[in-house]
Every structure is written in C-alpha cells, then in structure tokens.
Amino acid sequence: MRKMLTIISNVLRGSASRNGARVVVSARTYADFTPQASFDIKKCDVHKLEEGPPLQAVLTREEGLQYYRTMQTIRRMELKADQLYKQKIIRGFCHLYDGQEACAVGIEAGINLSDHLITAYRAHGYTLTRGGTVREIMAELTGRRGGIAKGKGGSMHMYTKHFYGGNGIVGAQVPLGAGVALACKYLGKNELCVCLYGDGAANQGQIFETYNMASLWKLPCIFICENNKYGMGTSVERAAASTDYYKRGDFIPGLRVDGMDVLCVREATKLAAEHCRSGKGPILMELQTYRYHGHSMSDPGISYRTRDEIQEVRSKSDPISMLKDRMLSNNMASVEELKEIDVEVRKEIEDAAQFATTDPEPPLDDLCNHIFYNDPPMEVRGTNPWTKLKSIS
Amino acid sequence: MTAPVPCDICIINSILLLQVTVRDALNQAMDEELERDERVFLLGEEVAQYDGAYKVSRGLWKKYGDKRIIDTPITEMGFAGIAVGAAMAGLRPICEFMTFNFSMQAIDQVINSAAKTYYMSAGLQSVPIVFRGPNGASAGVAAQHSQCFAAWYGHCPGLKVVSPWSAEDARGLLKSAIRDDNPVVFLENELMYGVPFEMSEEVQSKDFLIPIGKAKIERQGTHITLVSHSRMVSLCLDAAAVLAKEGIECEVINMRTIRPLDAEAIETSIMKTNHLVTVEGGWPQFGIGAEILARIMEGPAFNYLDSPAVRVTGVDIPMPYAKILEDNSVPQIKDIIFSIKKTLNV
C-alpha cells in the first residue's frame, strides 16, 4: 500500500511541477507520517530555581514543519543579505544572524505575538518572527520606500507591533525592555517582555541597574543573553570575569540553555514565561549559541577564531540540521517535503530580493517627516538658511 | 606650486614627500608618543588584538603588549572612568571610543570627572587624558551612529576639543593632545581615515607638533571666508576650486581646534574678505557655526561684514539610512556654492 502511494505521489508531483502549479503533495502526507514525537533535550543548568524545564519536549509535525520553514527562511534571508552587501546594494552596518536561528524561533514558540520583545542590532531574525515579512526586511536593508521602516532605519532599526527593534547602542535595549515590562504589569494584560542582549553587552552597567529594578518591582521580564562566544572580536573569557551569564542576575533566577536546539529554547522560554506571568518577577536565560558570520559584514570573523571552529559548529550543532534529522529519523516528514519547503523559501527570498532591488528609494519629501508624533506640520532647516523643508508627523 | 607627481614617494628639491593616510598618521603619532613616554597607554574596545575597529591602532599591541594597549569590555561608562582615574594618578591614557556616539554612555566621566576637576581642585589635580575616536556622519550607519559631538563637547570649559582634517593635522594635533596636560577630546572622521595626504619631511619628524587652538588657512582668497572643520574642509576646497573658475576666490580656513576657538584667525580673514560662510556636518541649532557667528557679531569683524554671515550645516533631522535621504542630510558641495553665491549676491 505504501509503495503504491509513493508511486502515485511521485507521478502527481511530476505533473505538478510540469504545470508549474503548487500542488499539495498527494495523499501520502497524512497517513504515513508520525503526528508527533517526544525528544530528549539537554538539561539546563539552573540558578536559584527549583527546577529547570522538562528533559523531554513534544514536537508535533505541524510545529516541526513550521520551525523548519521559519529557521530556513531566516538562514536564506541572511545569506542573501550577505550577497547583496558584497554587491554594495546593502550598505552601512549589517549584522547577520545565521547560526542563531533556533533562538529566535524557539523563543517565539514559547510566547505569544501579543507579548513584547526587544533586542540589539542582530535583529533581522526577530523582525521576521515578530511579524515582519522578508520583503519589507530586505527592502529596509536596501534602503527603499517599501522597507519596514520606509528606508529610514536600515539594518539596525526595524520595528513591528510589540517589537521594539533593532537597537544600535550596546546594552541600551535592556532598560528599555524592562520599561516595556513595567507597562505590561501596569496595564494588567498578562503580557510580558522578552529582553535580549549579547555576551558583549552582558557586562554593561545599565543591565545590572535594570536587574535590580526589575527584581525590586517584580517586572514580567525575561532577560535573555544570547551568548555567541564573541563580543565583536573579543572572546567571552577576555571580556567577562564571570562567563556564567545565567548567574549574573545574582538575585534573579536563571537558566543556561542549549541555544542551538529549538526545542530546548522553546521549553526554557515556556518555563520562563510561566514564571513571569505568575507574578514572580524577572527571570534570566542564557542561550548558548553561535554566529557563522563575523560580527558584521566588515568583520571577516577569522582573526579571533579559527575556520575549524566555525566548521565544527556547522557540522555538529547546526540548528536547522538538528531539527531536520530529528524529523526525518522519526518519520515526521519526508526528504522531498523538506526539500520542497527549501524551494519555496528560496523563491520567497528571491522574490523579496527582487522587490528590494527594484523598489524605488524613499521620496525626498519624506526626509524631514517623523520627527514628532501627533504634532502639527513644521518647518525644518535644510543645509542652509534659504532651504526650508517640511516636516509632517 | 606645481601639481603633485602621482607617485608614492616624490623627491622635489631634495625634500622627501610621503603619501600618508589619516589612519597611518594617527597610528604613527600614537606609536611615537607611546615610545617617547612610558606613562602613555591606549585603552578601548578592540584596540589591541583586533588592531582597532577601524585599524587605527594596527600593530601597536604586537609592539607594546598588554600593559600599554588594553582591550576593554563593551562598557564605556566604566572604562572611561577608569581612564580618568588613571590620569589623575599620574598616567597619560588615550581612551578610545569606537565612535563618539558611544561616548554618550560615558559623558559624565568626560565632563564631570575629567573636564571640571582641575578647576574644582583649584589647580591641585590635573587630568592629562585624550579621548579619541571617529565623530560625525559616516556612510549608511543610520541615526544612532552618525551624530557629530563637536558642539556638545565644545560647550564645556575645562575641555580642549580638537578636530583634525588632514594627515598632517592628525599627526601634529594628536601628538600635541597626548603631550597636553589637560583633557582633550580628539574628534576624528571615519570617512577621512583612508584619505592620503602629502606629508613633508618636517611633518614626519618625531617632534612635529601642531599647537592646539590655532586654525590654518588652507587656501588664500579675497572674496569670502569659508570656515570649516574635519571632512567639510575637503568640500570647501572643492567648492572653492569650482568657484575659482568663475572668478570668485574663497579663503578656506581649517579650524583644526573647536575649543579654544581661533576667533582671531577668522576675524582677520573677514576683515580682508568682508563675507563669511561656515560649513559643518553637525546640526544647526546651538552648533559650531552658531558659535562662530555669535563671536563675529560680538567682535571687531562685524563692522567689516558686507552681508549677514551664514551657516551651512547638516539638516536638522536624525540621520536617515536610505542613500538618497542620507546624501541630502549633509552639506553637499552644491549647497556650499549656493550659500556663497547668495551671500555674495551673485
């Protein structure tokens, strides 16, 4: 029976691709695949916590396919950005997220879109998981009017609903995140704020000030340190007297999580969210992850680490491969199905890149807009006293 | 003066001229001052093992080691404070801010701990420190990374604020800043780092110093005075070259120092040309041009002006990212030419 279905599906797929139409891959889909499975996940080190997340995570087929698609989208989007940057179509700063996909996707799987999130400048992945489209992200990178910030923000300054960027000053986003959490508590809507920063930022004084206030006032804030082992060109050992970032919150309970495993991240986030929503105050998560690219596009990324190290992480711990292997070895999806997702993702990225390179730049009369909100139109001085420009809210 | 021969080393009249980029000039100045005085050291993000985020400190860590070239964590308020403390206790630190945008995190230490201490202690406690790094707009780095801090630091008594343009400026002014016993804010420009300039043998000497507080006339002229600092000096010279073809001769003054302002040089020039246009990359309100114009109003040169003095500045908005918007947010050569012609009423 299975073999016959396979043959039928192959024939149908063949005709589907000839027609060029996207056709749901045959009746093979639902009958044959495992609808869900339980996976062992790494134990999280805990700090001032009774218990960490469970040691097993249940993954449904739908969830798996969705995580796979989103992580692959982020991966391909970042690689396309690399390409466009080298062609000088993207300029300025560009900090790529490939390697860290499990963090963004796992976190979003543990919270709701109605929750809030803020991060630093390595933000393209989060812009996507928080509701941005690849099209508007890429068009923002290329500085076009169809960009998510109308071309005015660039790589580091993308925003969506309940996503507060995209922040260029290291560490500054952390007090901001606690402030969002304060508003959540104040408005009583049972929402929380996920507040991300890197291992480099973890030594910033303002973060410790924030820990103190968030804890005193029991703010519903999940602090997350994405530890990718390097703050620009400086390894964690050279920057931090203590590299146990999950303990640095001192009086704030913490957990250290395998950031390359989307399930581990999800389960930890669920635990953290539960902690916050039950009024216990802030909690801290350290995600151990890795970035394949250098700090930014102007950093080759090999003067402070070896190519071997990068290659080792790629081959042993790649988040997308890990999920793929899990799903395939548990018969939760087929190779062809995942390949088809790859093809769809590639097409989405190509379309987005096409849009991002052909959409026109913002109009000059947008130059002075968006200075103030809800204010009457005003005059703005141009480069000389005779040039008076118009600014609308 | 004949046009320079396009080769790296030109021997003209037995004077050895080198082409040196601003970056290399800064690097060599620091190298020589580190060698000259044991108490001088450099600290900042990525200055040591990474060779500097913009490669300005290339090779220094290899030569001088961990004690003299220190990589800091990303903690500006902390390491700026540490640098000031070290200066108070007898060392001569060079504190690098990766860009001056990040100095805002540390500005309390620069102003309240460095700038004011000699005064507050009635001469007991000096603070021989240099804060240096790139300032102002770059290319495509958006709002949080493009601000010019010349006016903010220039506002404060107790600070010296320096803004070099050429490689010669970079070299001579950085050496002076390091040897100065007072806090000096040294505003570099990322877009100028790679620009080569001719450097004479005299400038290459180890004790070549440019005095802080003295402007330089880069181009003599008779019809109008252009006053500028840092990268905008290049644009003024370009504008002057275009206008020379129309018979308008601009005198271009390179401020070199923001504080103390060389008002005398500007006044002397205005008494000759009777017209003034200032050019800066920063925002107009309460800016460098605003201060210059106020000083001229209050001083002897006012009576020599044949038309109101005018400022060419950045547009009064946060820096946008998109290229077309960014290009139109900073002065262009055509804006300078336009303002000159309006001022001269031609």
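What share of the contacts in chain A with a separation of 6 or more comes from residues 24 or more positions apart? The legends below start there and then zoom in.

This is a predicted model, in which local features need pLDDT of at least 70 and side-chain atom pairs count only at pLDDT 80 or more, while totals for chains, interfaces and linings use all residues. Residues are numbered from 1 along each chain as its sequence is written, chains are lettered from A and ligands numbered from 1 in the order in which they are written, and side-chain values use heavy atoms, with hydrogens and water left out.

**View 1. Chain A as a whole.** Residues 24 or more positions apart make up 71% of the chain A contacts with a separation of 6 or more, a contact being heavy atoms within 4.5 Å. Chain A carries 13 helices and 12 strands; these are DSSP runs numbered from the N terminus, helices being H or I with at least four residues and strands E with at least two. Its radius of gyration is 22 Å, close to the 21 Å from the globule rule for 393 residues, so chain A is as compact as a globular protein of that length. (That radius is taken over C-alpha atoms, and the rule is 2.2 Å times the number of residues to the power 0.38.) Along the principal axes, the C-alpha atoms of chain A fill a box of roughly 80 × 55 × 45 Å.

View 2. Of the 393 residues in chain A, 58% count as buried; here buried means under 20% relative accessible area, exposed over 50%, and partly exposed in between, with a 1.4 Å probe and protein chains only. Chain A exposes about 17300 Å², and carbon and sulfur atoms supply 54% of that. The 50 positive and 47 negative charges of chain A have mean positions 3 Å apart.

View 3. Counting a disulfide as a pair of cysteine sulfur atoms within 2.5 Å, the total over all chains is 0. For C368(A), the nearest cysteine sulfur belongs to C148(B), 18 Å away. C368(A) counts as buried, at 1% relative accessibility.

View 4. Most residues other than glycine have a negative phi, and most peptide bonds are trans. N190(A) has a positive phi, near 60°, and sits in the loop between α7 (173-187) and β5 (193-198) of chain A. N190(A) is exposed, at 51% relative accessible area. M232(A) also has a positive phi, about 55°, in the loop between β7 (230-231) and β8 (234-235) of chain A; M232(A) is buried, at 13%. Over in chain B, a cis peptide bond with omega about 0° joins R259(B) and P260(B). P260(B) lies in the loop between β13 (257-259) and α10 (263-273) of that chain.

**View 5. Around D37(B).** D37(B) is found in the loop between α1 (22-36) and β3 (40-44) of chain B, and at 12% relative accessibility it counts as buried. Which residues does D37(B) contact, leaving aside its neighbours within four places in sequence? They are R68(B) and R92(B). G140(B) lies 103 residues from D37(B) along the chain, and their C-alpha atoms are separated by 39 Å.

Methods
Accessible areas come from the Shrake-Rupley method with a 1.4 Å probe; for residues, only the protein chains shown count as cover. Lys and Arg count as positive and Asp and Glu as negative; His and the chain ends are not counted. The place of a charge is taken as NZ of Lys, CZ of Arg, CG of Asp or CD of Glu.
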